[in-house]
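Reader: I would like to learn how to read the side-chain features of a model such as this one. Please start with a charge and a ring.

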Amino acid sequence: MKTKTAILVLFLSMIVTASYAQEKSKKQLRAERKIEKEKQIASLVDSKEFVFIGRTALGQGFRSIDLTANSNYVEFKPDKIKSEMPFFGRAYSGVAYSSRDGGLNFEGSPKEFTIEKGKKDYQIKATVKGDTDVYTLFLSVSFGGSSTLTISSNNRSSISYNGEIKAIEKKEAK
(Lines give C-alpha, C1' and ligand atoms only; values in the text may rest on other atoms or scores of the structure.)
Protein backbone atom coordinates (compact mmCIF):
# COMPACT_ATOMS: atom_id res chain seq x y z
CA MET A 1 0.00 0.00 0.00
CA LYS A 2 2.84 2.40 0.79
CA THR A 3 4.48 1.78 -2.59
CA LYS A 4 1.19 2.47 -4.44
CA THR A 5 0.80 5.75 -2.57
CA ALA A 6 4.42 6.69 -3.21
CA ILE A 7 4.07 5.92 -6.94
CA LEU A 8 0.82 7.91 -7.12
CA VAL A 9 2.39 10.93 -5.37
CA LEU A 10 5.44 10.72 -7.63
CA PHE A 11 3.26 10.49 -10.76
CA LEU A 12 1.08 13.46 -9.72
CA SER A 13 4.12 15.60 -8.88
CA MET A 14 5.62 14.87 -12.33
CA ILE A 15 2.37 15.96 -14.02
CA VAL A 16 2.20 19.19 -11.99
CA THR A 17 5.89 19.93 -12.64
CA ALA A 18 5.50 19.33 -16.38
CA SER A 19 2.50 21.66 -16.60
CA TYR A 20 4.40 24.47 -14.84
CA ALA A 21 7.46 23.96 -17.01
CA GLN A 22 5.40 24.57 -20.16
CA GLU A 23 3.82 27.81 -18.94
CA LYS A 24 5.44 31.03 -20.08
CA SER A 25 6.47 33.54 -17.50
CA LYS A 26 4.89 36.98 -17.35
CA LYS A 27 8.19 38.42 -18.50
CA GLN A 28 8.21 36.22 -21.61
CA LEU A 29 4.59 37.07 -22.43
CA ARG A 30 5.31 40.81 -22.04
CA ALA A 31 8.35 40.52 -24.33
CA GLU A 32 6.27 38.68 -26.95
CA ARG A 33 3.53 41.35 -26.82
CA LYS A 34 6.17 44.07 -27.18
CA ILE A 35 7.67 42.37 -30.25
CA GLU A 36 4.21 41.92 -31.78
CA LYS A 37 3.37 45.62 -31.18
CA GLU A 38 6.68 46.66 -32.80
CA LYS A 39 5.84 44.54 -35.87
CA GLN A 40 2.38 46.14 -36.12
CA ILE A 41 3.84 49.65 -35.88
CA ALA A 42 6.51 48.86 -38.48
CA SER A 43 3.85 47.48 -40.82
CA LEU A 44 1.67 50.59 -40.41
CA VAL A 45 4.55 53.00 -40.98
CA ASP A 46 5.86 51.05 -43.98
CA SER A 47 2.40 51.07 -45.59
CA LYS A 48 2.28 54.89 -45.23
CA GLU A 49 -1.44 54.55 -44.44
CA PHE A 50 -2.41 55.17 -40.82
CA VAL A 51 -4.27 57.59 -38.61
CA PHE A 52 -2.88 59.60 -35.69
CA ILE A 53 -5.29 59.97 -32.77
CA GLY A 54 -4.38 62.69 -30.25
CA ARG A 55 -4.81 62.23 -26.48
CA THR A 56 -3.34 65.56 -25.35
CA ALA A 57 -2.51 68.90 -26.97
CA LEU A 58 0.46 71.06 -25.96
CA GLY A 59 0.10 74.56 -27.35
CA GLN A 60 2.92 77.06 -26.92
CA GLY A 61 2.48 78.76 -23.56
CA PHE A 62 -0.51 76.60 -22.62
CA ARG A 63 -0.84 73.71 -20.23
CA SER A 64 -1.58 70.21 -21.47
CA ILE A 65 -5.15 69.88 -22.76
CA ASP A 66 -6.98 66.54 -22.69
CA LEU A 67 -8.41 65.59 -26.09
CA THR A 68 -9.97 62.22 -25.28
CA ALA A 69 -13.50 63.69 -25.24
CA ASN A 70 -13.00 65.42 -28.62
CA SER A 71 -12.97 63.85 -32.04
CA ASN A 72 -9.53 64.48 -33.53
CA TYR A 73 -7.30 62.78 -36.05
CA VAL A 74 -4.80 63.19 -38.85
CA GLU A 75 -5.14 60.59 -41.58
CA PHE A 76 -1.91 59.87 -43.44
CA LYS A 77 -1.92 58.37 -46.94
CA PRO A 78 0.77 58.73 -49.63
CA ASP A 79 -1.61 60.68 -51.89
CA LYS A 80 -3.67 62.59 -49.28
CA ILE A 81 -3.38 63.87 -45.72
CA LYS A 82 -6.52 64.96 -43.89
CA SER A 83 -6.49 66.76 -40.54
CA GLU A 84 -9.32 67.41 -38.07
CA MET A 85 -7.31 68.60 -35.05
CA PRO A 86 -8.24 71.28 -32.51
CA PHE A 87 -5.99 74.31 -32.23
CA PHE A 88 -5.01 76.07 -29.00
CA GLY A 89 -2.60 78.86 -29.66
CA ARG A 90 -1.95 82.12 -31.40
CA ALA A 91 -3.06 83.02 -34.90
CA TYR A 92 -1.01 85.61 -36.76
CA SER A 93 -2.92 86.59 -39.90
CA GLY A 94 -5.44 85.35 -42.40
CA VAL A 95 -7.19 83.02 -39.96
CA ALA A 96 -10.92 83.40 -39.43
CA TYR A 97 -12.09 82.04 -36.08
CA SER A 98 -15.38 80.59 -37.17
CA SER A 99 -16.63 77.23 -35.95
CA ARG A 100 -15.17 75.53 -39.05
CA ASP A 101 -11.75 77.23 -39.12
CA GLY A 102 -11.06 77.26 -35.37
CA GLY A 103 -8.99 74.08 -35.61
CA LEU A 104 -6.38 72.67 -37.95
CA ASN A 105 -8.87 71.36 -40.52
CA PHE A 106 -7.24 70.77 -43.88
CA GLU A 107 -6.91 68.20 -46.61
CA GLY A 108 -4.49 67.93 -49.48
CA SER A 109 -1.82 66.04 -51.36
CA PRO A 110 1.50 66.07 -49.54
CA LYS A 111 4.29 67.89 -51.36
CA GLU A 112 6.73 66.02 -49.17
CA PHE A 113 6.26 62.70 -47.34
CA THR A 114 9.42 61.18 -45.88
CA ILE A 115 9.97 58.42 -43.33
CA GLU A 116 13.25 57.82 -41.54
CA LYS A 117 13.87 54.99 -39.10
CA GLY A 118 15.95 55.95 -36.08
CA LYS A 119 17.33 53.93 -33.19
CA LYS A 120 14.17 54.24 -31.09
CA ASP A 121 11.51 55.67 -33.39
CA TYR A 122 10.31 56.60 -36.85
CA GLN A 123 10.50 60.24 -37.97
CA ILE A 124 7.83 61.19 -40.49
CA LYS A 125 7.72 64.59 -42.17
CA ALA A 126 4.99 65.83 -44.49
CA THR A 127 4.13 69.19 -46.03
CA VAL A 128 0.57 69.92 -47.14
CA LYS A 129 -0.84 73.01 -48.82
CA GLY A 130 -4.33 73.71 -47.54
CA ASP A 131 -6.83 76.24 -48.87
CA THR A 132 -5.34 79.18 -46.98
CA ASP A 133 -2.06 77.96 -45.47
CA VAL A 134 0.88 75.57 -45.77
CA TYR A 135 1.19 72.99 -42.99
CA THR A 136 4.33 71.09 -41.98
CA LEU A 137 3.73 67.94 -39.96
CA PHE A 138 6.45 66.20 -37.94
CA LEU A 139 5.39 62.84 -36.51
CA SER A 140 7.63 60.84 -34.20
CA VAL A 141 6.41 57.26 -33.66
CA SER A 142 8.13 55.09 -31.06
CA PHE A 143 8.48 51.39 -31.77
CA GLY A 144 5.97 50.83 -28.96
CA GLY A 145 3.31 52.94 -30.68
CA SER A 146 3.24 56.19 -28.70
CA SER A 147 3.51 59.21 -30.97
CA THR A 148 4.11 62.95 -30.93
CA LEU A 149 2.78 65.13 -33.75
CA THR A 150 3.86 68.75 -34.24
CA ILE A 151 2.00 70.89 -36.77
CA SER A 152 3.51 74.18 -37.93
CA SER A 153 1.94 76.65 -40.31
CA ASN A 154 2.62 80.12 -41.69
CA ASN A 155 -0.37 81.76 -40.00
CA ARG A 156 -0.42 80.08 -36.57
CA SER A 157 1.93 79.13 -33.77
CA SER A 158 3.15 75.54 -33.64
CA ILE A 159 1.24 72.99 -31.61
CA SER A 160 2.15 69.49 -30.49
CA TYR A 161 -0.07 66.51 -29.76
CA ASN A 162 0.67 63.28 -27.91
CA GLY A 163 -1.21 60.18 -28.99
CA GLU A 164 -0.88 57.00 -30.99
CA ILE A 165 -1.16 55.70 -34.53
CA LYS A 166 -3.64 53.07 -35.65
CA ALA A 167 -4.74 51.41 -38.85
CA ILE A 168 -7.31 53.35 -40.86
CA GLU A 169 -10.74 51.86 -40.33
CA LYS A 170 -12.40 50.83 -43.57
CA LYS A 171 -15.86 52.33 -44.02
CA GLU A 172 -18.51 49.81 -44.97
CA ALA A 173 -20.47 50.47 -48.16
CA LYS A 174 -24.21 50.78 -47.56
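Author: Take Arg156, which lies over the face of Phe87 at 5.0 Å from the ring centre. Keep in mind throughout that this is a predicted model.

Reader: Where in the chain is the place of Arg156?

Author: Arg156 belongs to the loop between E9 and strand E10 (159-166).

Reader: Is Arg156 buried or exposed, and which side chain of opposite charge is nearest?

Author: A salt bridge needs a side-chain nitrogen of Lys or Arg within 4 Å of a carboxyl oxygen of Asp or Glu. Arg156 is buried yet has no salt bridge, and the nearest side chain of opposite charge, Asp133, is 5.2 Å away. A polar atom of the Arg156 side chain does lie 3.2 Å from the backbone oxygen of Gly103.

Reader: How many salt bridges does the structure hold?

Author: There are four salt bridges in the structure. One of them joins the side chains of Lys80 and Glu107, at 3.3 Å from N to O. This pair links distant parts of the chain, with Lys80 in the loop between strand E3 (73-76) and strand E4 (81-85) and Glu107 in strand E5, 27 residues apart. Lys80 counts as partly exposed at 29% relative accessibility, and Glu107 counts as partly exposed at 40%.

Reader: Which side chain meets Lys77 in a salt bridge, and at what N to O distance?

Author: Lys77 meets Glu75, at 3.9 Å from N to O.

Reader: What forms a salt bridge with Glu164?

Author: Lys166 does, with the closest N and O atoms 3.6 Å apart. Glu164 is partly exposed, with a relative accessible area of 26%, and Lys166 is partly exposed at 42%.

Reader: Now the rings. What describes a pair of aromatic rings?

Author: The distance of the centres and the angle of the planes describe such a pair. In this structure the count comes to four aromatic pairs. Phe106 and Tyr135 form a stacked pair, 3.9 Å centre to centre with 5 degrees between the planes.

Reader: Which parts of the chain does the pair of Phe106 and Tyr135 tie together?

Author: Phe106 lies in strand E5 (residues 104-108) and Tyr135 in strand E8 (residues 134-142), so the pair ties together parts that are 29 residues apart in sequence. Phe106 is buried, with a relative accessible area of 5%. Tyr135 is also buried, with a relative accessible area of 5%.

Reader: What is the geometry of the aromatic pair that Tyr122 and Phe143 form?

Author: Tyr122 and Phe143 are edge-to-face, 5.2 Å centre to centre, with 75 degrees between the planes. Tyr122 lies in strand E7 (residues 121-129) and Phe143 in the loop between E8 and strand E9 (146-153), so the pair ties together parts that are 21 residues apart in sequence. Both Tyr122 and Phe143 are buried.

Reader: Which residues form one aromatic cluster?

Author: Phe50, Phe76 and Phe113 do.

Reader: To finish, how many helices and strands does the protein chain have?

Author: The protein chain has two helices and ten strands, and from the N terminus on its elements run α-α-β-β-β-β-β-β-β-β-β-β. Of its 174 residues, 32% count as buried. Among contacts between residues at least 6 apart in sequence, 48% join residues at least 24 apart.

Notes:
Residues are numbered from 1 along each chain as its sequence is written. This is a predicted model: local features need pLDDT of at least 70, side-chain atom pairs count only at pLDDT 80 or more; totals for chains, interfaces and linings use all residues. Side-chain values use heavy atoms; hydrogens and water are left out. Rings of Phe, Tyr and Trp (its six-membered ring) pair if their centres lie within 6.5 Å; planes under 30 degrees apart count as stacked, over 60 as edge-to-face and the rest as tilted. Helices (H or I, at least four residues) and strands (E, at least two) are DSSP runs, numbered from the N terminus. Buried means under 20% relative accessible area, exposed over 50%, partly exposed in between (1.4 Å probe, protein chains only). A charge sits over a ring if NZ of Lys or CZ of Arg is within 6 Å of the ring centre and within 35 degrees of the ring normal. Lys and Arg count as positive and Asp and Glu as negative; His and the chain ends are not counted. A polar contact is a pair of N or O atoms within 3.5 Å; within protein, one must be able to donate a hydrogen and the other to accept it, and residues adjacent in sequence count only if both atoms are side-chain atoms. Contact means heavy atoms within 4.5 Å.
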